[in-house]
Structure formats: C-alpha cells, structure tokens
Amino acid sequence: MQQTSRPRWQRVREVVAVVCLVGSLSGCGYTVLGATGAGRQKDFLLSIIPLNNQTREPDLERLMTAALRQTLLQSQVLLPSPDDTAAHHLHGTIRRFRSIALSFDDKDNVLQYRLEADMRVRLVDVLSKSLILEQEISAATEYLVSRGSINKVREDVVARQTALARLAQQFADKCLALLTIALL
C-alpha cells in the first residue's frame with residue numbers, strides 16, 4: 001500500500017494548530033526563569049491578562065494577546081503557571097491604531113497601506129502591588145493592495161490580516177525583550 005505524503009504547508013499548519021491547542025490548554029500564566037546563585041534558577045511567575053482594546057479595529061486585542069502568549073511560550077525563557085500563583089501580572093492596553101495610505105496609482109486608488117499601533121503595558125508585582133514596568137510600545141508594518149486581480153477583495157483582506165499578524169508579532173517580540181530585562 002503506497003502512502004501519499006501531504007504537502008509541507010499542510011504539515012506545518014497541523015503542527016501550528018497543535019502548538020496553539022497546547023498553548024491555550026496550558027493557561028495564560030508564565031514563569032520567567034532567571035539564573036541566581038551558583039547556577040540555580042529562580043522562577044518569576046507571570047500572568048498575562050488579556051489586552052484591552054481602546055481602538056475601533058475589531059479583534060485587535062485577541063491577535064495581540066495570542067501573539068504575546070505564543071511568543072512567550074516559544075521563547076523558552078518563560079514557562080506557563082496558574083494565574084492564582086502568579087507573582088506578577090502583565091496588563092496591556094492598545095491605545096491607538098492607524099491605517100495610513102502610503103501610495104496611490106494614477107487614478108488615486110490606494111496601492112500600499114501602513115498599519116501602526118501603540119500599546120501601553122504594565123507589569124505589576126502582585127504581593128506588593130507595586131509597578132515594576134510601565135512602557136509604551138509601538139509597532140508598524142506595511143502591506144500592498146492587489147491591482148487588477150479577479151479576487152482583489154479577498155486578496156486585500158488576506159494581505160491586511162497578514163499585516164495585522166506581523167504587527168502583533170512585532171509587539172510581542174518587543175514586549176518579550178522588555179519583560180526579560182525587567183524580570184531578570
């Protein structure tokens with residue numbers, strides 16, 4: 001019996017789905033591992049509170065929170081922990097979102113957009129209720145609008161969603177760098 005192999009993109013998609021499922025089942029708390037003493041590791045428990053969206057862009061808070069959680073899981077610096085045992089809480093608010101037309105064709109149709117977002121993150125020590133970190137994080141990305149295609153609308157929606165995912169990932173990477181510095 002001959003087995004047909006699935007395309008590589010399909011296998012990658014299945015692996016991503018499994019990783020997302022495991023990540024969502026493990027909760028939304030994270031532990032930062034930092035070296036202390038003679039090679040001993042000290043655990044910093046961290047709980048990620050879902051981001052608050054103060055913009056008119058729908059579902060942006062879900063994209064940003066999911067990217068942040070996934071980045072923290074993949075970093076191998078942060079490990080999941082239950083919310084009730086977390087020593088630190090990370091709160092965040094998406095304060096501004098802008099979609100800016102960058103270039104136009106000769107008929108004034110938009111060819112390229114730039115997406116920008118500003119988020120404020122706050123890291124709080126649960127026991128002392130003291131603020132450890134409060135930082136504004138900005139992220140930006142661009143995408144092209146399709147021209148003259150039969151599936152123009154669908155392609156434009158996909159291009160925008162891909163750009164939003166890049167924006168969320170950029171935010172998550174910057175946030176991870178700040179958390180690593182603040183907690184280690």
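Residues are numbered from 1 along each chain as its sequence is written, and side-chain values use heavy atoms, with hydrogens and water left out. Because the model is predicted, local features need pLDDT of at least 70 and side-chain atom pairs count only at pLDDT 80 or more, while totals for chains, interfaces and linings use all residues.

**View 1. The hairpin of β5 and β6.** Strands here are DSSP runs of E with at least two residues, and helices are runs of H or I with at least four, numbered from the N terminus. β5 (88–104) and β6 (110–125) run antiparallel and are joined by 15 bridges; two strands count as paired if DSSP finds at least two bridges between them. Look for His-89, whose bridge partner in β6 is Val-124.

**View 2. Two aspartates in the loop between β5 and β6.** Is Asp-105 buried or exposed? Asp-105 is buried, at a relative accessible area of 17%, whereas Asp-108 is exposed at 61%. Buried means under 20% relative accessible area, exposed over 50%, and partly exposed in between, using a 1.4 Å probe and protein chains only. The side chain of Asp-105 reaches the backbone nitrogen of Lys-107 at 2.9 Å. Asp-108 has a positive phi, near 65°, without being a glycine.

**View 3. From β6 into β7.** β6 also pairs with β7 (residues 131–144), in the antiparallel sense and over 13 bridges. In the loop between β6 and β7 sits Lys-129, which has a positive phi of about 55° although it is not a glycine. Lys-129 is exposed, with a relative accessible area of 68%.

**View 4. The largest nonpolar core and the surroundings of Leu-68.** A nonpolar core is a set of buried Ala, Val, Leu, Ile, Met, Phe, Trp, Tyr and Cys residues joined through side-chain atoms within 4.5 Å. The largest has 33 residues, and those with the most contacts inside it are Met-64, Leu-68, Leu-90, Met-119, Phe-171 and Cys-175. At least two residues come from each of β2 (40–48), α2 (60–75), β5, β6, β7 and α3 (152–183). Which element gives the most to this core? That is α3, with 11 residues. Leaving aside neighbours within four places in sequence, Leu-68 is in contact (heavy atoms within 4.5 Å) with Ile-48, Leu-90, Phe-171, Ala-172 and Cys-175.

Technical notes: A polar contact is a pair of N or O atoms within 3.5 Å; within protein, one must be able to donate a hydrogen and the other to accept it, and residues adjacent in sequence count only if both atoms are side-chain atoms.
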